[in-house]
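Hello,

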Amino acid sequence: MNLLSFLFSPALIRSDPNMVPLRTFKIRENVTYDCINIYKQPGLEHPLLQNHKIQMKPSVARHELKNQTDNTKTYKNKIGCPHGTVPILRNSKEYITNGQLFAEKYFHPLSGDSPGTHIAGVKSQNGPYHGVEASFSIHNINIERDQASYAQLYVGSGLNNQVNFIQAGWMINPSLFGDGDVWSYGFWKGENGKGCYNTACPGFVQVSQEVPIAQPLDQPHEHLLHYSIHQDKQTGNWWITKLILNAPNIDVGYWPKELFNLIGTGANMVGVGGAVQASHQGSSPPMGNGKFPTGDRKESAMFTNIEVLNSNYEQRRIDSFPMEKLLDSPKCYGIRTDKVKLLDFTFNYGGPGGNSCGV
């Protein structure tokens with residue numbers, strides 16, 4: 001059997017074949033979630049977490065999003081695990097294998113030296129920071145099997161060729177998920193360069209009974225993703241919270257502080273933006289909604305409500321700090337920050353990609 005046949009074998013397995021789920025949700029073909037005892041979830045099998053005590057909720061809740069017009073639909077989720085259990089994506093062999101391969105070569109925001117990767121966004125390296133949050137548009141675009149397109153927010157630090165970072169957002173990555181749909185995702189890289197997507201390997205601790213770290217996003221009903229990555233002031237764990245308009249926030253889970261050696265007391269850098277990974281033949285996929293940003297905020301992909309937690313855990317707009325624009329292939333992608341002083345900092349980004357975007 002050649003490598004491609006092995007990577008895309010359809011056989012399904014759980015992280016632990018001996019673990020019997022209390023309930024199962026099959027939300028579509030080849031996408032199944034098992035409700036696993038929260039204390040026996042695979043994330044806790046990481047060797048650095050042998051003595052870890054699960055934190056059930058952040059010590060300080062994130063503020064809730066409010067819309068004055070109150071014209072949004074009620075948020076509904078397809079998964080609802082019983083009390084004491086959490087939803088874990090039933091991993092396939094190709095998902096685990098591809099997750100490991102992508103983790104090894106994954107682009108990290110502290111360096112642009114990643115062949116075939118292109119970025120468009122903003123970042124600030126004026127830390128320490130304890131979090132970042134943003135609202136960003138979701139777009140279902142055509143991606144080839146060996147390409148990937150992301151929209152993400154991230155925190156990280158680097159020292160002596162070591163990096164720690166955490167990213168979350170949405171992605172279209174057929175090689176990882178086996179389809180061309182839009183998925184939410186989380187990724188981390190910690191001590192000794194180890195890292196992982198979602199729950200493909202141990203590390204991330206799932207807490208929410210309803211919203212898993214990785215799931216297909218429901219379009220067109222869900223057109224904006226509101227995320228917060230924030231460090232808990234008491235435990236040092238890094239939480240991901242899904243902020244929902246006119247509804248209670250959902251604390252999805254967290255990456256324990258034990259996984260990291262450089263962001264235990266905050267991250268030196270925070271940022272948001274789009275990223276793509278070109279195919280082996282060098283063709284770069286669309287970013288955002290595939291359109292260059294113009295003066296019309298609604299015509300291209302967008303990040304808005306971008307705020308950070310500073311060294312004192314105070315929430316501020318990202319442009320309150322020294323900020324750097326990131327754009328490495330202006331022929332294929334673009335970025336445009338809002339020139340008007342609005343209540344929030346907003347920028348548009350994206351582009352069609354192509355064969356001449358550079359390495």
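**Cysteines and disulfides**

Cys201 has a relative accessibility of 22% and counts as partly exposed; here buried means under 20% relative accessible area, exposed means over 50%, and partly exposed is anything in between (1.4 Å probe, protein chains only). Please bear in mind that this is a predicted model: local features need pLDDT of at least 70, side-chain atom pairs count only at pLDDT 80 or more, and totals for chains, interfaces and linings use all residues. Residues are numbered from 1 along each chain as its sequence is written, and side-chain values use heavy atoms, with hydrogens and water left out.

What is Cys201 bonded to? Its disulfide partner is Cys196, and the two sulfur atoms are 2.1 Å apart. Cys196 is buried, at 3% relative accessibility.

How many disulfides does the whole structure contain? A search finds 3, where a disulfide is a pair of cysteine sulfur atoms within 2.5 Å. With the bonded cysteines of the protein chain numbered in sequence order, they pair as 1-2, 3-4, 5-6.

One of the disulfides is between Cys35 and Cys81, with an S to S distance of 2.1 Å. Cys35 belongs to strand β2 (residues 31-37) and Cys81 to the loop between β2 and β3 (85-89), so this bond ties together parts that are 46 residues apart in sequence. Strands here are DSSP runs of E of at least two residues, numbered from the N terminus. The torsion about the S-S bond of Cys35 and Cys81 is about -80°, so the disulfide is left-handed. Cys35 is buried at a relative accessible area of 1%, and Cys81 is buried at 5%.

Cys332 and Cys357 are also joined by a disulfide, at 2.0 Å from S to S. Cys332 sits in the loop between β17 and β18 (334-337), while Cys357 is in the segment after β19 (347-350), so the bond connects parts that are 25 residues apart in sequence. Its S-S torsion is about -100°, so this disulfide is left-handed. Cys332 and Cys357 are both buried.

**The sheet**

The model has an open sheet of 7 strands with antiparallel pairing, in the order β9-β8-β7-β6-β14-β4-β17. Its edge strands are β9 (195-197) and β17 (324-327), each of which pairs on one side only. From one strand to the next, the twist averages 15°; axes are lines fitted to C-alpha atoms, and angles run from 0 to 180 degrees between N-to-C directions. Two strands pair if DSSP finds at least two bridges between them. Between the antiparallel strands β4 (residues 117-124) and β14 (residues 269-277) there are 8 bridges. In this pairing, Thr117 stands opposite Gln277 of β14.

**Salt bridges**

The count comes to 6 salt bridges, each being a side-chain nitrogen of Lys or Arg within 4 Å of a carboxyl oxygen of Asp or Glu. Among them is the pair of Glu133 and Arg62, whose closest N and O atoms are 3.4 Å apart. Glu133 is in strand β5 (residues 131-137) and Arg62 in the loop between β2 and β3, so the pair links distant parts of the chain, 71 residues apart. Is Glu133 buried or exposed? At 4% relative accessibility, Glu133 is buried; Arg62 is buried as well, at 13%.

Arg316 forms a salt bridge with Glu314, at 3.5 Å between the closest N and O atoms. Arg316 is partly exposed at a relative accessible area of 38%, and Glu314 is partly exposed at 34%. The side chains of Arg317 and Asp319 meet in another salt bridge, 2.6 Å from N to O. Asp319 is partly exposed, at 24% relative accessibility.

**Aromatic rings**

There are 15 aromatic pairs in the structure. Phe136 and Tyr227 have ring centres 6.5 Å apart and planes at 65°, so they are edge-to-face. Rings of Phe, Tyr and Trp (its six-membered ring) pair if their centres lie within 6.5 Å; planes under 30 degrees apart are stacked, over 60 edge-to-face, and the rest tilted. Phe136 lies in strand β5 and Tyr227 in strand β11 (residues 224-231), so the pair ties together parts that are 91 residues apart in sequence. Phe136 and Tyr227 are both buried.

For Phe345 and Phe347, the ring centres are 6.4 Å apart and the planes at 50°, so this pair is tilted. Both of these residues are buried. Ring pairs link Phe136, Tyr227, Phe303, Phe345, Phe347 and Tyr349 into a cluster.

Regards

Technical notes: Helices (H or I, at least four residues) and strands (E, at least two) are DSSP runs, numbered from the N terminus.
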